[in-house]
Each structure stands twice: as C-alpha cells, then as structure tokens.
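Hi,

Here is the structure I promised to pass on.

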Amino acid sequence: MASLTGTGALIWLILRRDRILLALFIALPVLIVASQTTAFQELYPTAEARQIFSQQSNGNPATLGMLGPIFASTLGGLVAWRVGVMGMIFAGIPSLLLVIRHTRAEEESGRRELLSSTTVGRNAPLTAALAAVFGANLALAVAVTIVLMAFGLPTAGSLALGLSFAGAGWMCAAIGGVTAQASESARTARGLSLMAFTVLFLPRIAADAAGQDSDIAWLAWLSPLNWTRLTHPFADEKWWVFTLILGFTTMLGAAAYALSAGRDLDAGFLRPRPGPAQAGPGLRSPLTLAWRLHRRALLSCAVGFALVGGLAGLVAPISTELLSDTQPGGDFLAFAGAGDVGEAFVSLIVYALSVSLVSAYAIMTVLRLRSEETSGHADSLLSGPTPRLRWAWSHLLIAVLGPVVLLAALGLSAGLTYSLVSGDVASELPRTLGSTMAALPAVWVMAALAKAAYGLFPKFAALVGWGTLGMFLLIELGWETQQISDAVFAVSPFSHIHPSTEVGPLTLLSLTAVAAVLAAGGLLGLRRRDFG
C-alpha cells in the first residue's frame, strides 16, 4: 500500500536512534525479574515457607493494594506477584512515551513534513513507531521467558509472565498512538497518556486491597492494565485473557489510524485556543513562558495524584477491618513506619508514587531544556536579550516547584479522605501531608541529576536521568529482598526518606544541599559549553 511506503526504513531509523534507550528498556525489567527470582529462592527455599508467606501477604490489604494477590504459593507464583505491577509500569510508560516521541514529537519538530515530501507514505510514521515499540516489547517478553526458564521455572508460566509484560507495553503504545493523533503537541499527548494510564490503573488498587472475596473484587476487571496480572502466570494460566489485551490494543490502534486519516499534517482534534496577536504581560519573561509550557502537564498530573491519593485514603480503613482478627506482624508495620495497617497502607502508596512518578515528572521537566535546545526554540529565545542561565533557571524552577504541587495534592487528598473516614482529622491529615512532603528533597536530587547531566553531557542527559532513576529503584528492590546491604541502599536518595527510617531535619537539609550542588554544576556546565 502506498500509505505504508517507507515503513521499513523508518523502523530501522527508530531502532538506530533509540538503540541505547531500547536496550535499557529491555534490560531493566529483565534484571528485576532475575533479582526477584534469586531473592525468593534464598528467602523462601521450601514449599512450607512460601505457603506461609503467601497467606500473610494475601491477608494484608496494604500489600494487596500495592502488589495484588498471590495466585500460587510456588516460586514462580511469588515472582509473578512481585514483578506484576512493576511490569505494567516499566513496560507501559516507556512504550507510550516512545510512540509519542516518534509520531507527534516528530511532527511538531517539522521532521515529519520533510519525510512526507519524499516517498514516505501517510501512515508510515505511525506504523513504524507502533511496530518498533511492539517489537521491543516482544523482545522483552522473550528475554523474560528465557531468564525464568534458566532458573528452572515452568515454560508455560515463564511465557505467560513474559507476554504479560509485552501486553502492558502493547496497550500503552496504542494509548500513546491515540493521544499523539488527537493532540497538537507532544506535551499534551504525554499528559493525556499518563492520565489515561492512571485512570486505567486506579480500579486495581481498590479491588485488590478489598480482597478477592469482597463485593468490589469485580473492579479488577475494569482495569485493562490489570488484565496482564489476571493471566495468572504460574497459577493455571488463563490464556484467554490475552485475547482481551489484543482486542483492546487493536481497538485503540484502529482508532489511532482513523484519527490520523481524518486530520491534516501538524493538526490535531484537541486544538489549542488561539492566543492574542500581542503577548500579554504574563509572557514577557522566561519564567512565565516556562510556566505556559509546563502548566498543562503539571495540572493534569496533579489531578491524577489527587485521585490516587483520595482512593488510597478511602480504601485504607478497609485494611483495619479485614485484619481485625489477625494482628499484622510488627516487622511490616516497622517497614512501613506506621502504627496500624491503615496508616501503613497510605504511607506505602504515597512513598511508592513519590519515588517513582513524581521523580519521573521532575526528570521530564528538566529534560524539556534539551528538547527546546535541539528543536531550535531556545535559539530564537536566546537570540534576544534573555541570558542563557536565566532561561535554564526558569525551567529548573518549575522542576523544583512542580513536585511540591504534586506531593501536596497527593498528601492532602490521601490524608483528608483517610482522616475523614477514620474520624481523626486533627492528627492524620498533618501526619500524612508531612510524611508526603518529606520525599521532596529526594525528588529534587533526581531533578538535579538530570540537570547536571544536561549541563555537562547534554547528549546523555536522558540516559543519565532515566538510568539513575531505574538504578535506584532496582537497588531498593534488592534491599527489600535482602540482596543488597544498607550501605549500598544508602547511595539512593530514596533510602533517606523511606517510611522505615526516621527522617530528621538534618537529612532533609543534606539532600537539599546535594541537589543544590548538582544543579549548580549543571548550570555552570551549560554556561561554559557550546549551545545547540
């Protein structure tokens, strides 16, 4: 078909451009699977030990809300349980971002128009982006399957778990394809995709926390992302669930092509409101321009975090009710830094979102500097009286204040709903908000790392930003399963704000000082290096 002319060449170009990112995209989940398999082999070597652990986990709503139920007390069942939710995140979010990067972002930069002036067909860019991301997820599935089989786990369960990772990536890639065609900017497409990811993820938390025998257990099936877990790897696999995943992916893929066929190049269906001919007073400084560029993503993420926090606070009291006859172990409460199960549930949900998604937002905000530079937009701005460091400071300030807004939305919503349900607003709301905001300096360290990389090594800024975040999350997983010592875990900024540790003013000031030094190094590097 003429509309697909050049698809093969574009696929090769995508693989060439993103070869390092795609390698990390595959390697990180594989390392997580391998480390968790090794950990469970060492921690629970007997069937009796695994059975006891499964019963304790399935009876703890705080654990259920974060990771879901364990469907089988075998080694494979424990591994599938531990990495299931992480598979949704580590395969899903990069997939939707990659599709947007090679569709809407290419259109926005003008490169798509140059390609369209040659023999490249109309549907070739979208097809190439989806094919490359689908192929990368399939390679991830093969790698996960091979690693699990190398540990001696059953072939059927290994294949089901590998395909569940790929299924999450396929569905999110299709989501990215739809938002890329519907919006007129990559920034809006990313915000819509991440909001869709959050909305599709929410029903799982409520359903799993309430338990498989509860009246709301059916909500788990309303979350398409949760279908990857409901395939039951290593627990009498439900292969028919993959038809739902493929159907959802096909439906959204078809919608993406329909939207593409019904619009002009560079246009979208969600069109921005036309602005005035003359810029108002609010657009006469680099900071106000940076706020204009980032505000939509920030507000969208704030709404999503408020929804997640509110849901966590509403579900948390169910934990105490379900465990009224079985007092949870002190080790778990100490790990969560809480006095009861409901408090532990809120603390762990808030911490998990703080160290992952809020850090990801801060990194993306800083890396916007690099995209503004490579697209040429920064050249137009800096050709006037705007100094280079003032321009960089404007985006860095958004990266500093944006996480404050997100953590406040998360902490306030979680604390308010939990305190209203538990009837102790005076103590629970300030405690939840305070523990949430304590994560702020660690998030700033992640933003400063990305800023230092951009200023000193701009070509590797994305690799350093996302790579360090993945490395720190992997270190924490190893620490939780006792594979990594406290000394190694201390390298991660997240170790110093973990719920199990006592966070004092000196710790927060030290992390803030580290972030300030890294950011200053990035600004100094930006001042000295060539631009563009």
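The lining of the largest cavity divides into nine nonpolar residues, six polar and one charged. For those classes, Ala, Val, Leu, Ile, Met, Phe, Trp, Tyr, Cys and Pro count as nonpolar, Asp, Glu, Lys and Arg as charged, and the others, Gly among them, as polar.

Before going further, the ground rules. This is a predicted model, with local features needing pLDDT of at least 70 and side-chain atom pairs counting only at pLDDT 80 or more, while totals for chains, interfaces and linings use all residues. Residues are numbered from 1 along each chain as its sequence is written, and side-chain values use heavy atoms, with hydrogens and water left out.

**Cavities**

The structure has three cavities of 30 Å³ or more, and the largest holds about 140 Å³ of space. There are 16 residues lining the largest cavity, and A80, W81, G84, R229 and P233 are the closest to its centre. A cavity here is a set of points, on a 1 Å grid over the protein atoms alone, where a 1.4 Å probe fits but cannot get out; lining residues have an atom within 4 Å of a point. Grid points are joined across faces, edges and corners, and the volume is the space filled by probe spheres set on the points.

Which helix gives the most to the lining of the largest cavity? That would be α5, with six residues. Helices α5 (75-101) and α9 (155-182) each supply at least two residues of that lining. Helices are DSSP runs (H or I, at least four residues), numbered from the N terminus.

The second largest cavity comes in at about 50 Å³. Its lining is made up of T103, R104, E107, R112, R122, P125, L126, Q181, S260 and R263. By class, that lining has two nonpolar, three polar and five charged residues. At least two lining residues come from each of α6 (104-109) and α8 (124-150).

**Salt bridges**

I count six salt bridges, each being a side-chain nitrogen of Lys or Arg within 4 Å of a carboxyl oxygen of Asp or Glu.

One of them pairs E106 with R17, at 3.3 Å from N to O. This pair links distant parts of the chain, with E106 in helix α6 and R17 in helix α1 (residues 7-17), 89 residues apart. E106 is buried, because its relative accessible area is 11%, whereas R17 counts as partly exposed at 35%. The cut-offs are under 20% relative accessible area for buried, over 50% for exposed, and partly exposed in between (1.4 Å probe, protein chains only).

The side chains of R370 and E373 also meet in a salt bridge, at 3.8 Å, N to O. Both lie in helix α14 (residues 341-375), three residues apart, or about one turn of the helix. E373 has another partner in R529, at 3.0 Å, N to O. Shared partners join R370, E373 and R529 into one network. R370 and E373 are buried, and R529 is buried as well.

Are they buried or exposed? F234 is buried, with a relative accessible area of 11%, but D236 is exposed, at 66%.

**Contacts across the sequence**

F151 is in the loop between α8 and α9 and is partly exposed, at 28% relative accessibility. Its C-alpha is 7.8 Å from that of T37, although the two are 114 residues apart along the chain. A513, in helix α21, is partly exposed at 41%. A513 and V445 are 68 residues apart in sequence and 8.9 Å apart in space, C-alpha to C-alpha.

Over to you!

Terms used
On a 1 Å grid over the protein atoms alone, a cavity is a set of points where a 1.4 Å probe fits but cannot get out, and a pocket is an open set with protein on both sides within 12 Å along at least five of seven lines; lining residues have an atom within 4 Å of a point.
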